[in-house]
Amino acid sequence: MRIIDPNKFIVIDLYAGSYNIDNIGHELFNLERNPIDGNYYGYCPPRDGIVIKKLGAKKNDKYVDNVLVVYVSKKENSSNREIIAFCLNARVYKTGQSGKILNRYFTDKDGQKKVSTYSIKSDNLFNLKGRYNKFEIKIYDYSKMMFRKQRFYVGKYPDLEKNIIEYIENYLENKDLLDNDDNLEQEEIQNSDAASSKEIQDAINKSLSIVNSSQGKSIAKNSRISKAALKEANYTCIIDIAHKTFKTKRQIPYMEGHHLIPCTVDNSEFFYNNFGKNIDCMENIICICPNCHREVHYGEWESKSRKIKMLYKKQNDKLEKVGILLTENELLNLYKR
Ligand SMILES: [Zn+2]
Ligand SMILES: [Zn+2]
């Protein structure tokens with residue numbers, strides 16, 4: 001089912017202004033969930049307000065609903081733009097709305113306290129900042145002035161728009177498969193024998209095995225490698241060895257395998273193409289109790305990110321040794337979706 005209306009579409013550039021340089025400015029809140037009501041509010045400069053007529057609004061409408069809002073930002077060392085987030089079914093206002101009751105205060109460069117207005121309201125936002133394979137807009141293919149006004153509307157670059165919609169639909173289709181170390185996979189690990197040392201050694205150089213199913217693409221993982229990681233940790237939780245679970249049918253403590261760099265197609269391809277390494281390897285698999293494991297996937301950010309930082313400290317030496325390089329921040333980004 002198509003959920004995106006290709007006729008209601010706006011691309012907003014978050015590079016203009018001081019936002020990306022000093023990380024201050026009205027756009028500061030664009031990607032953040034508002035703590036007061038849980039919605040996402042996006043700013044677009046009111047001095048050239050959004051022309052909602054171009055999004056299908058009628059003459060006297062004050063806003064238009066069901067708009068796909070795509071945020072882009074400048075790519076490092078290039079004037080091209082990358083998609084960093086999008087909102088489905090957003091409400092877009094004709095004029096800037098006061099953000100006062102939403103606590104959208106910030107201090108600008110001159111130390112002035114300001115309230116950020118907003119033109120976009122959405123109950124959802126997909127943050128793609130942590131994705132390796134971001135959609136890139138090569139501006140010279142279109143117009144080097146395309147973001148002079150910080151945005152463009154549907155109908156301006158039809159081919160590009162078609163590709164962006166395809167990219168987003170594809171992302172949404174595969175979203176549930178992004179990190180699928182679910183029950184089935186854990187069950188497989190429990191029932192596997194640990195990999196041999198040769199199998200462990202070879203894992204890191206093995207080519208990727210991508211599975212195409214009706215639900216999208218995913219990476220086939222070797223449960224024996226995960227089992228070996230559990231065995232090596234002596235079935236103790238990497239967060240705290242005191243965490244107790246229960247005994248499995250094989251009379252060993254139940255623990256789960258988690259790929260620290262999640263084994264998504266996107267991540268796997270990135271590390272394979274850039275470092276020649278397969279991230280379905282011992283160095284990337286941690287032994288973790290089910291409670292901590294669920295938190296790493298579904299916990300609230302503050303506590304979850306603390307755990308991820310801890311895992312990075314514990315595991316990064318091993319990853320580095322085998323040539324899988326990433327910073328703590330890059331790892332955190334991979335958990336932000
Ligand atoms: Zn996991
Ligand atoms: Zn634990």
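**Exercise 1. In which loop is Tyr254 found, and is Tyr254 buried, partly exposed or exposed?**

*Solution.* The model is a predicted one, in which local features need pLDDT of at least 70, side-chain atom pairs count only at pLDDT 80 or more, and totals for chains, interfaces and linings use all residues. Residues are numbered from 1 along each chain as its sequence is written, and chains are lettered from A and ligands numbered from 1 in the order in which they are written.

Step 1. Tyr254 lies in the loop between H5 and S13. Helices (H or I, at least four residues) and strands (E, at least two) are DSSP runs, numbered from the N terminus.

Step 2. A residue is buried if 20 or more other C-beta atoms lie within 10 Å of its own, exposed if 12 or fewer, and partly exposed in between, with C-beta atoms placed from the backbone. Tyr254 has 17 other C-beta atoms within 10 Å and is therefore partly exposed.

Step 3. Two residues are in contact if their C-beta atoms, placed from the backbone, lie within 7 Å. Leaving aside residues up to four places away in sequence, Tyr254 touches Thr245, Phe246, Lys247 and Thr248.

Step 4. Tyr93 stands 161 residues from Tyr254 along the chain, and their C-alpha atoms are separated by 52 Å.

**Exercise 2. Describe the overall architecture of the protein and the confidence of the prediction.**

*Solution.* Step 1. The protein contains nine helices and 14 strands. Its C-alpha trace spans about 70 × 40 × 40 Å along the principal axes.

Step 1. An automatic or database domain assignment supplies the domain bounds: domain 1 covers 9–175 and domain 2 covers 178–334. The C-alpha centres of domain 1 and domain 2 are 34 Å apart.

Step 2. Of the 337 residues, 33% are buried. Among contacts with a separation of 6 or more, 73% join residues 24 or more positions apart.

Step 3. The predictor's confidence in each residue is given by pLDDT, from 0 to 100. The mean pLDDT of the protein is 87, and 91% of the residues reach 70 or more. Confidence is lowest in helix H1 (residues 19–22), at a mean of 52, and highest in strand S14 (residues 285–288), at 97. Where pLDDT is low, the predicted coordinates should not be read in detail.

**Exercise 3. What is the relative orientation of H7 and H8, and which residues make the contact?**

*Solution.* Step 1. The axes of helix H7 (residues 290–298) and helix H8 (residues 301–321) come within 8 Å and cross at roughly 110°. Such axes are lines fitted to C-alpha atoms, for helices over the stretch in contact, and angles run from 0 to 180 degrees between N-to-C directions.

Step 1. Angles under 35 degrees count as roughly parallel, over 145 as roughly antiparallel, 65 to 115 as roughly perpendicular and the rest as oblique. H7 and H8 are therefore roughly perpendicular to each other.

Step 2. The contact is formed by Cys292, Glu295 and Val296 of H7 with Ser303, Lys304, Lys307 and Ile308 of H8.
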